[in-house]
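Here are a few exercises to work through with the model open beside you. Try each task before you read its solution.

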Amino acid sequence: MRYTHFILMALSLLLLMDCRKKGPTKSDRIKASLNAGWDEFESSNMEAALEEFLEAYVEDSSRAQSQVAVAWARLMIPGIDPATVIAVIDSNATDDQVWRNDAWCALAVAHLILNQYSEADSVALLVLTADAAYVFAHRPSVDWQDLLLIRGQALFFMAQYTSAWQVMGPLLTDPPYASIDPANPSTWKIGNTGKTYDMFAEIVAKVISALVEDHRL
């Protein structure tokens, strides 16, 4: 009986070790957390998404996918310091251009919120240079138009009003903005309001404000 007892214990240990070997790998755990997180993110459950993403990030903080996921979830939660978005992203974490674009887009938003205008303009331009028709797959309402608007806002706050207007050009092709000419003060009005602005900066500010309302993330 004693030998039988030892044999049963040995078999139990072998079975336990075998089960552990067949359990989910680190890569599997990260993938599962990211998939669950993006499901929550796409359903606008940002706190739940961040919780899932942080599990993946803790498993391996060097993965671009985990960095981008945490960054975007933080961006979408009101009150979270945008500096934590910048801190989590390593733009050299991957050679995959899609993930780099998603990372740069998140950085552009965070830099703009933090009034870091030169940085916001630079990384927004990086995305547009790599993909002029950029769309964030997990939130398709975030796209190249938002990046143009980020650039426009950044340049405006750097007092580069004409440059701001030029980079936003593709957003200004329809009324009531298409008739505005930076070189012609008589056109510095919006639609048929009758009000003509004395300074070009004023009309740029009005247009940016209207576009921001139309393109809120």
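**Exercise 1.** How many helices and how many strands are there in the protein chain?

*Solution.* The model is predicted, so local features need pLDDT of at least 70 and side-chain atom pairs pLDDT 80 or more, while totals for chains, interfaces and linings use all residues. Residues are numbered from 1 along each chain as its sequence is written, and side-chain values use heavy atoms, without hydrogens or water. Counting DSSP runs (helices: H or I, at least four residues; strands: E, at least two; numbered from the N terminus) gives ten helices and zero strands.

**Exercise 2.** Find the residues with the most contacts inside the largest nonpolar core.

*Solution.* Start with burial: 40% of the 217 residues count as buried (under 20% relative accessible area, 1.4 Å probe, protein chains only). A nonpolar core joins buried Ala, Val, Leu, Ile, Met, Phe, Trp, Tyr and Cys through side-chain atoms within 4.5 Å. The largest one has 66 residues, and Phe41, Phe53, Trp72, Leu147, Ile203 and Val207 have the most contacts inside it. Helix H6 (residues 97-113) gives this core its largest share, ten residues. Next, take Val207: leaving out residues up to four places away in sequence, Val207 touches Trp165, Leu172, Tyr177, Ile180 and Ile190 (heavy atoms within 4.5 Å).

**Exercise 3.** At what angle do the axes of helices H7 and H8 cross?

*Solution.* The axes of H7 (residues 117-130) and H8 (residues 144-157) cross at roughly 150° and come within 8 Å. H7 is therefore roughly antiparallel to H8 (over 145 degrees).

Terms used: Buried means under 20% relative accessible area, exposed over 50%, partly exposed in between (1.4 Å probe, protein chains only). Axes are lines fitted to C-alpha atoms, for helices over the stretch in contact, and angles run from 0 to 180 degrees between N-to-C directions. Angles under 35 degrees count as roughly parallel, over 145 as roughly antiparallel, 65 to 115 as roughly perpendicular and the rest as oblique.
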